[in-house]
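Visitor: Hi! Could you walk me through this structure in simple words?
Guide: Happy to. Have a look at it first, and then ask away.
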Amino acid sequence: MSNQSVAEYEVARSKAKSLYPRYERKEELQHQTHFCPGCGHGIVHKMVAQAIDELGVQDRTIMVGPVGCSVFTYYYFDTGNVQSAHGRAPAVATAIRRSRPESIVISYQGDGDLSAIGSAEILHAANRGENITVIFVNNAIYSMTGGQAAPTTLLGQKSTTTPNGRNAATEGYPLHVSELLSTLQAPAYIERVGLGDNKQIAQASRAIKRALDNQVRGLGFSLIEVLSPCPTIWKMTPVDSQHWVRDVMEKTFPLGVFCDRTKERLAAPAAQSVPAPALDELPGILGVAEEDLPEGNAAAMAKEQEIDLEVRIAGFGGQGVLLLGEMLAEAGLDAGLEVSWLPSYGPEMRSGTSNCHVRLSRQTIDSPLVTAPTVLVAMNEPSLRKFDRSVRSGGWIIYDGDEFPADCAREDVHVLALPFTRIADAMGDKRAANMVMLGAVLERSGVLPQASIDAALRRLIKNPRWVELDERALARGRELFKEALAEA
Amino acid sequence: MTDEKKPDRGQLRIDEQECKGCGLCIEACPPKVISLSERLNHYGYRTALYQGSGCTGCGICFMACPEPGAITVLRLMNRGAGSVSATGAVGGAAA
């Protein structure tokens, strides 16, 4: 009876259409996410994308990504994407949903983002009953920044800021966001789900689809809290962390539906808000006469302050980029200057480049960001290519390499290109390359007394062997800069 | 009786360059037909490996996998060639 020809199969489960086939991120890694092995984010991304597909709303969905490991929603979701400031995703989502009423807006946030810095935004968005969907991925810790305690950290849970475990007497109790928000009158649907086992995963997928469907049907604010594993920061295997979600986390954060007003909303939809006035109606509403309107924003632009030194230092992680900047800032501090030091590296735990911004000034520093450096220290070619155009006219580029790439040359910028790593290697250790380069920066700036540099070196470097090598490296850097000037 | 003649209800395709070897699919798979490869992929991960038979097409590994496209699940097509009960009974027979 049975047909014994070749069995035919059809695809039953595959990557959702709402996710890009390839991610426009680092060239080598465009076919996989930036998440660590076993991370819950990938699973939740998949569920959200599947819900978007199934509800057929891809072309009107706008994801709002905040800060944290969840930042890269724009790499993954083939929908509209907006990246918001830390914790502010519900406020941004509110604005998008109100100004584009046909859109489906998803605020995708982690627990550090939503329950700490963004606690005000989520509370008020929920209290206003905004017709948005919030996906709240709770792993009970700050992961992207390396494992600090979050408001959601469990009692007794160790983190870098609670090394003996969270103690209620000093750090308070884990914040139960779903329970807290469900005491409000406005939210339509709040549920907590987990990724602890197959059953929980299936329920999580259903809940996320339901929360999105609520928005499509205009029922109001929905939030799904997902208890999600973080193997890297919890220092567990992916399978153990999955079990930890089910066996430990769930005891503090019980799963279930905390608020469901969808039935009553279906019977009587929430009141529609009055549309906002158009931009050109605003002067009339405010009673401002046509002739009083300001011309451009030129008048509002702040007068530029005198700045002594703005440095951008960039290279691979491990080259001493941050230490170089720290030395400069410490020395500036010792010399009585205003200083700022701002490290900046990617959100990945793996395979990173890093750079930092350093400002030294006699005046109060308005912003620690250095967008147009007077000195760029580039410790490799990719870093040079990333920042070379930003260097201020008349500034310096100090570059670690035999040859300065011809296409990066600019007439209005000075260049000191030397094989600093090789020079440092010849002096005893190639890791001192950053100090040779710092020597050149110090010689160029000339604002820091040698005593301050010595003090900074002693404060930051504990090993006497390194202090000695770094001192020689700094002196060598100064010589090299002087030699280069003499040649020019 | 005719078990050895019956094709599997499901099939798996695993993209070994996307897989990061976390092992969650191995844990999740009800018939336990996935294991970790001995071979390392381009990025140095041991990746998930389908043993080649025994897949029921349930799709649970797909949902448990943190990489959105690493696993594709295929299901045997329901062939309406007069033997609906025969193909339909496959699910019942296993229970």
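Guide: We'll talk about chain B, then a sheet, then some aromatic rings.

Visitor: Before we start, what kind of model is this?
Guide: This is a predicted model, so keep that in mind as we go.

Visitor: Got it. How many helices and strands are in chain B?
Guide: Chain B has three helices and four strands.

Visitor: And in what order do they come?
Guide: Starting at the N terminus, the elements of chain B go β-α-β-β-α-β-α.

Visitor: How much of chain B is buried?
Guide: Of its 95 residues, 39% are buried.

Visitor: What about contacts in chain B with a separation of 6 or more: what share comes from residues 24 or more positions apart?
Guide: That share is 60%.

Visitor: Let's switch to sheets. Which strands make up the open sheet of three?
Guide: The order is β1(A)-β4(B)-β1(B), and the pairing is antiparallel. You'll notice that strands from chain A and chain B both take part.

Visitor: How many bridges join β1(B) to β4(B)?
Guide: Five bridges join them, and β4 of chain B covers residues 71-76. To pick out one partner, Gly10(B) is bridged to Arg75(B) in β4(B).

Visitor: New topic: how many aromatic pairs does the structure hold?
Guide: Over all chains, there are nine. One of them is edge-to-face: Tyr23(A) with Tyr76(A), at 4.7 Å centre to centre and with 85° between the planes.

Visitor: Where do those two sit in the chain?
Guide: Tyr23(A) is in the loop between β1 and α1 of chain A, while Tyr76(A) belongs to helix α2, residues 73-76. They are 53 residues apart, so the pair links distant parts of the chain.

Visitor: Are Tyr23(A) and Tyr76(A) buried or exposed?
Guide: Both are buried. They also belong to one aromatic cluster, whose members include Phe35(A), Phe72(A), Tyr74(A) and Tyr75(A).

Visitor: Last one: what lies over the face of Phe62(B)?
Guide: That's Lys46(A), at 4.2 Å from the ring centre. Here a residue of chain A lies over a ring of chain B.

Notes
Residues are numbered from 1 along each chain as its sequence is written. Chains are lettered from A and ligands numbered from 1 in the order in which they are written. This is a predicted model: local features need pLDDT of at least 70, side-chain atom pairs count only at pLDDT 80 or more; totals for chains, interfaces and linings use all residues. Side-chain values use heavy atoms; hydrogens and water are left out. Buried means under 20% relative accessible area, exposed over 50%, partly exposed in between (1.4 Å probe, protein chains only). Contact means heavy atoms within 4.5 Å. Two strands pair if DSSP finds at least two bridges between them. Rings of Phe, Tyr and Trp (its six-membered ring) pair if their centres lie within 6.5 Å; planes under 30 degrees apart count as stacked, over 60 as edge-to-face and the rest as tilted. A charge sits over a ring if NZ of Lys or CZ of Arg is within 6 Å of the ring centre and within 35 degrees of the ring normal.
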